[in-house]
Amino acid sequence: MKVILLSDVKKVGKKGDIVEVSDGYGRNFLLKQKLAVLATKKSKEILDEQNLQHDLEEKQRESDAVALKEKLSKITLQFHVKTGEGGRVFGSVSSKQIVEQLQRVHGIHIEKRKFIDKEAVSSLGYTDIKVDLYKNKVIGTIRVHVSEK
């Protein structure tokens, strides 16, 4: 029996795969649990349409990420920190602060777990922070300027 998997099934296949399974397993488990549908001509057409739609959505996400990368390249975030003798910095600028300022000032939402450079900025001057915008294919850069109060 040929079936199209609707979700990942351990030791059988991944979502969207067309697999050959025994009649009993397919009828009594996969179809009953709604983990698969019969691989008919119509269901194959529906699967092809879903795959096409998924590919279009992925291309749109990638183009949105490229546009966001261009927008980020023109932005410099300003932070002021306390300093002591000899220009020593007290504290640092965390990724959370960077995300908050991007959201508040520029209206750009980026999750802090997407930051590639996860260390806090603890030195005066300009620092570039890399951000994964789309599946390690599109890497953006946020420029941060830290100055004395």
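The lining of the second largest pocket divides into 3 nonpolar residues, 1 polar residue and 3 charged residues. In this classification Ala, Val, Leu, Ile, Met, Phe, Trp, Tyr, Cys and Pro count as nonpolar, Asp, Glu, Lys and Arg as charged, and the others, Gly among them, as polar. The structure is a predicted model, in which local features need pLDDT of at least 70 and side-chain atom pairs count only at pLDDT 80 or more, while totals for chains, interfaces and linings use all residues. Residues are numbered from 1 along each chain as its sequence is written, and side-chain values use heavy atoms, with hydrogens and water left out.

The residues that line this second largest pocket are L68, H109, I110, E111, K114, D132 and L133, and its volume is about 170 Å³. A pocket is found on a 1 Å grid over the protein atoms alone, as an open set of points where a 1.4 Å probe fits, with protein on both sides within 12 Å along at least five of seven lines; a lining residue has an atom within 4 Å of a point. Grid points are joined across faces, edges and corners, and the volume is the space filled by probe spheres set on the points.

The largest pocket has a volume of about 280 Å³. Its lining consists of I4, L5, L6, K15, G16, V37, S43, I46, L47, Q50, N51 and H54, which divide into 6 nonpolar, 5 polar and 1 charged. Which elements each supply at least two residues of this lining? They are β1 (2-5) and α2 (41-73), and α2 gives the most, with 6 residues. Helices (H or I, at least four residues) and strands (E, at least two) are DSSP runs, numbered from the N terminus.

G16 is partly exposed, with a relative accessible area of 24%; buried means under 20%, exposed over 50%, and partly exposed in between, with a 1.4 Å probe and protein chains only. Leaving aside neighbours within four places in sequence, G16 is in contact (heavy atoms within 4.5 Å) with I4, L5 and L47. The C-alpha atoms of G16 and M1, 15 residues apart along the chain, are separated by 16 Å.

The interior comes next. In soluble globular proteins, nonpolar side chains tend to be buried together. A nonpolar core is a set of buried Ala, Val, Leu, Ile, Met, Phe, Trp, Tyr and Cys residues joined through side-chain atoms within 4.5 Å. The largest such core here has 22 residues, and those with the most contacts inside it are I98, L102, I110, F115 and I142. At least two residues of this core come from each of α2, β4 (76-81), α3 (95-106), β5 (125-134) and β6 (138-148). A second, separate core has 9 residues, including M1, V9, V19 and V21.

Not counting residues up to four places away in sequence, L102 touches L72, L77, G107, I108, I110 and I142. Beyond four places in sequence, Q101 touches L77, Q78, F79 and H106. Q101 and Q33 are 68 residues apart in sequence and 47 Å apart in space, C-alpha to C-alpha.

The structure holds 1 aromatic pair. Y25 and F29 form this pair, which is stacked, at 5.5 Å centre to centre and 20° between the planes. Rings of Phe, Tyr and Trp (its six-membered ring) pair if their centres lie within 6.5 Å; planes under 30 degrees apart count as stacked, over 60 as edge-to-face and the rest as tilted. Because Y25 and F29 are 4 residues apart in helix α1 (residues 23-30), about one helical turn separates them. Y25 is partly exposed at 31% relative accessibility, and F29 is partly exposed at 35%.

K34, in the loop between α1 and β3 (36-38), has a positive phi of about 60° although it is not a glycine. N136, in the loop between β5 and β6, has a positive phi near 60° and is likewise a residue other than glycine. K34 counts as exposed at 64% relative accessibility, and N136 counts as exposed at 61%.
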